[in-house]
Amino acid sequence: MAAGMLLALGAWQATGQGAPEKGRTPVLVELFTSEGCSDCPPADALLERLDKTQFVPGAEAIVLSEHVTYWDRLGWQDPFSLLEATARQQHYAEQFDLNDVYTPQAVVDGSAQMVGSSASKLTRAVAEAAAQPTIALQIENAHWENGVASFSVRGQAPAHSKLVAALAADATHSEVTRGENAGRTLHHVAVMRVIKEFDAETADGRPLHLKGSRAMEKKEATGPVRLVVFVTDGKNGHVLGAAEQTLQ
């Protein structure tokens, strides 16, 4: 199934990606995808290119690859699929008044959605999101120890909002043996493994904790863990601000 390398256990200190490049606005880009979907690899590749090259002027794209579960019964069980990802996409379907969920779907700052492989639409949505006012979030004292990410977040989160934190890691070598992508070796960037909501008032610098999944301690992801935090509007689901920290 998914090959990869053990995520090193022990105390990981925060490095890199702690603050966006000067003049760039953080924008959250979520991709709902599945290894069982033959239309998804081009979207996975586009998300990786966005992450690596940051090709949208004025935007610092913070990406999450969210693997849904409903493809698992159609020939290939995606080792990265999460019920939380499926539930999150279903919430977006209701928010955007869609008849059904689909893959690959990209959602930008919780305010725009499109087919995840459409570079033109994704670029336009990210640029538009970067032009909007945002809440400045800062991650502090982030470290990884004994399978738990400990950190603090500071930002002016409105009372009706939610602070959301997620852990993600790249998956550079996943061999698919069945389903629509049988015979392919797939690559994924920033695969979401854990996500949790906190109350808005927790963005006041208090200590927060997020336990990693068992899969993160095994072989289903490789490389450093990314800690992604964002504030969502409790009324319309829009992302009001985001930040990312790499735990090395």
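**Rings, an arginine and some cysteines**

Okay, let's start with a charge on a ring: the charged end of arginine 49 sits over the ring of phenylalanine 55, 4.5 Å from its centre. The rule here is that NZ of Lys or CZ of Arg lies within 6 Å of the ring centre and within 35 degrees of the ring normal.

Quick housekeeping. This is a predicted model, where local features need pLDDT of at least 70 and side-chain atom pairs count only at pLDDT 80 or more, while totals for chains, interfaces and linings use all residues. Residues are numbered from 1 along each chain as its sequence is written, and side-chain values use heavy atoms, with hydrogens and water left out.

Now, ring pairs. Rings of Phe, Tyr and Trp (its six-membered ring) pair if their centres lie within 6.5 Å; planes under 30 degrees apart are stacked, over 60 edge-to-face, and the rest tilted. That rule gives 3 aromatic pairs. Take phenylalanine 32 and tyrosine 92: their centres are 6.0 Å apart and their planes are at 70°, so this pair is edge-to-face. It links distant parts of the chain, as phenylalanine 32 is in strand E3 (residues 25-33) and tyrosine 92 is in helix H2 (residues 83-95), 60 residues apart. Those labels are DSSP runs numbered from the N terminus, with helices (H or I) of at least four residues and strands (E) of at least two.

Are these two buried or exposed? Phenylalanine 32 is buried at a relative accessible area of 0%, and tyrosine 92 is buried at 2%. Buried means under 20% relative accessible area, exposed over 50%, and partly exposed in between (1.4 Å probe, protein chains only). Tyrosine 92 also pairs with phenylalanine 96: the centres are 5.9 Å apart with planes at 25°, so that one is stacked. Together, Phe32, Tyr92 and Phe96 form one aromatic cluster.

Next up, arginine 226, in strand E12 (residues 222-233). It counts as buried, at 8% relative accessibility. What does its side chain make polar contacts with? The side chain of aspartate 51, at 2.9 Å, and that of aspartate 170, at 3.3 Å. A polar contact is a pair of N or O atoms within 3.5 Å; within protein, one must be able to donate a hydrogen and the other to accept it, and residues adjacent in sequence count only if both atoms are side-chain atoms.

Last, the cysteines. Cysteine 37 is buried at 2%, and cysteine 40 is buried at 0%. How many disulfides does the structure hold? It holds 0, with a disulfide taken as a pair of cysteine sulfur atoms within 2.5 Å.
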